[in-house]
Amino acid sequence: MCGIVGYIGNKEAYPILIKGLHRLEYRGYDSAGVALISEDGDLKIYKSRGKVAELERIMQSKDTGGHVGIAHTRWATHGEPNDINAHPHYSESRNLAIIHNGIIENYALLKEALQANGYTFKSDTDSEVIVQLIEYIQNTNRCSLPEAVRRALRELVGAYAIAIIEKGNKTRIIAARKSSPLVVGIGQGEFFLASDATPIVEHTDKVVYLNNDEIADISLDHGLRIFDIDNNESDIDIKQLQLSISELEKGGYPHFMLKEIFEQPKTITDAIRGRVNVEMTNVVLSGVIDNKEIFINAKRIIIVACGTSWHAGLIGEYLIEDMCRIPVEVEYASEFRYRNPVINKGDIVIAISQSGETADTLAAVELAKSKGAFIFGICNVVGSSIARATDSGAYIHVGPEIGVASTKAFTGQVTVLMMLALTLGHHKGTISQEFYLDKIKHLCQLSEQIADILQLDNQIADLAKIFTYARNFLYLGRGYNYPAALEGALKLKEISYIHAEGYPIAEMKHGPIALIDSEMPTVVIATTDKIYEKTISNIQEIKARGGKIIAIINPDDNIVRKIADYIIEIPRTCEHLSPVLASVPLQLLAYYIAVYKGRDVDRPRNLAKSVTVE
Ligand code: G6P
């Protein structure tokens, strides 16, 4: 949610900043802007509504010189997405420029106080308040920029990752964070700053992740120094990045989303690698084994997540209850954090988050931690805030996911949850050896089975063409495939803007059946599992009302293939892993419908990939 990037060093800042903004565009693309300090020390801001490409177009006729700069790509919260509300923002005297990711909750009060002191505001944003406050403190206390920033931060309530540069100062950037992420890259006589490591990786593999309430004083004179809000200097903990540039590029695909869908045979293998032995007789999730007693004695598990990760959490509930006989509750992190939940000492909270930065999930983790729960994280981004806030965890290892609609992260999350349930069930003795070995075998087949499903690419693209007219879609599934239906509907909604609802198929007659007519396509996940017969009856009910059925079936099906209007045949696996396979054709269906509708698949309107605001 908003991407920020900064550079200071001996190179031209602008090309580094603009490339960095492109990398961070998944975080928001309502507007973009850049502030540069020119060779003669002047501070210039250029900004524009729209995507980063629009800013680039404007910059063609501007002076882009300078070796210090900050840049921003916005996901609007306060103030509509126009040129004025775009970041960076100047201070009153135009001596300072700021970029901000986050929300300042007490901005209205601060703004009033500053206005009373003669400060005028150009934008409707909460962010402009920060830079004005810093300048006010600088002027009234005659203190240095880092000191003014530190004092200003003490007045702020809310979340921020900020970077500030000062007119005439070609050697310094000040940055700080609280609840929104910020990474400093350390090069040879140069420094980089970004919301995540993706803009940094092609310049250096040495990074420092700022902690909450830390201020980075980045100077070409004294290097990087980090202070907390009470002015205590912190040690610099340099981490080595494990990220390759090729993972951040489209690699010949028209969209990141399609690339990421097609990466799944590999990402599933990566998620399993080192966790299942080559003989396929053992699965070990070290985060579980290292805390075996805690897991075995857990009275309850609460899964917290948002969006697609929440759908993976629902599957996690089915898996853990089935295999480990521990009661599981799945909560939207945003609800959990504000509803005074009962959390006891023996409880385990599993936080699932691709980015590891979702503000609500992070807050839910902090809440559960404060009440004494053991926190286990399932994240993708290594070193992310949630990964660092948990007691233990398991990375899904699917590589950077850049398309805003989550695909490979979802299948990776379910795969890790399956390994968690198997590891725990095995050690707890709640599953038989035969069951355990059978499931490991299925787990190891997933990758090849997904590769087979991807062969249906053209067939699914043709099917998508037929349905671009639809205004509504229903997605139905049962058991483990119910969350897959929810996820299929979410994918379509997110990127095609067609209204879609996911439902447990048997619940359909309690409401959604009223929507069925010949205009309304229904996607049914009808794999040949133990509830197959029931699913057939539900399909008949839809057909009887003139509905159009697209059915996901298995090769051994010989009933639904005759009733459905269209079928997509996927390989058979155990019911536990069925949602992994069923979700792949649904990703492709959503993708092609969105492409045929001319949507911006990787950057759908109003969405952002990393939701670092509440
Ligand atoms: C946003 C994204 C979704 C994602 C959700 C949770 O809404 O658009 O794709 O599922 O956030 O994100 P997380 O990074 O916590 O999994």
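## Sheets and helices in a predicted model

Helices (H or I, at least four residues) and strands (E, at least two) are DSSP runs, numbered from the N terminus. Axes are lines fitted to C-alpha atoms, for helices over the stretch in contact, and angles run from 0 to 180 degrees between N-to-C directions. Contact means heavy atoms within 4.5 Å.

This is a predicted model, in which local features need pLDDT of at least 70 and side-chain atom pairs count only at pLDDT 80 or more, while totals for chains, interfaces and linings use all residues. Residues are numbered from 1 along each chain as its sequence is written, and side-chain values use heavy atoms, with hydrogens and water left out.

Two strands pair if DSSP finds at least two bridges between them. Ile37 stands opposite Val68 in E4.

A second open sheet has seven strands in the order E5-E6-E7-E8-E12-E13-E14, and its pairing is antiparallel. Its edges are strand E5 (89–90) and strand E14 (233–234); each has a single partner strand, so one side of each is left without a neighbour in the sheet. Helix H4 (residues 127–141) packs on this sheet and touches E5, strand E6 (96–101) and strand E7 (160–166), its direction making about 140° with that of E6. Helix H5 (residues 145–153) also packs on the sheet, touching E6, E7, strand E8 (172–178), E12 and E13, and its direction makes about 150° with that of E7. Ala216 has Ile226 in E13 as its bridge partner.

| Strand pair | Bridges | Sense |
|---|---|---|
| E2 (residues 31–37) and E4 (residues 68–74) | seven | antiparallel |
| E12 (residues 214–219) and E13 (residues 223–228) | six | antiparallel |
| E21 and E22 (residues 499–504) | six | parallel |
| E21 and E23 (residues 521–525) | three | parallel |

Strand E21 (residues 472–477) is largely enclosed by the rest of the structure, because five of its six residues are buried. Buried means under 20% relative accessible area, exposed over 50%, and partly exposed in between (1.4 Å probe, protein chains only). Leu476 stands opposite Tyr503 in E22. From E21 the chain crosses through helix H17 (residues 481–496) to E22, and this β-α-β crossover is right-handed: with the strands pointing away from the viewer, the path from the first strand over the helix to the second runs clockwise. Leu474 has Thr522 in E23 as its bridge partner.

Helix H15 (residues 433–454) has 22 residues and reaches 32 Å from its first C-alpha to its last, close to the expected 32 Å, which is 1.5 Å times one less than its number of residues. H15 has a kink of about 40° centred on Leu446; the bend at a residue is the angle between axes fitted to the seven residues ending there and the seven starting there. Leu446 is also buried, as are other H15 residues including Tyr436, His442 and Ile450. The cover over the buried residues of H15 includes helix H14 (408–428), helix H16 (457–466) and helix H20 (578–596).
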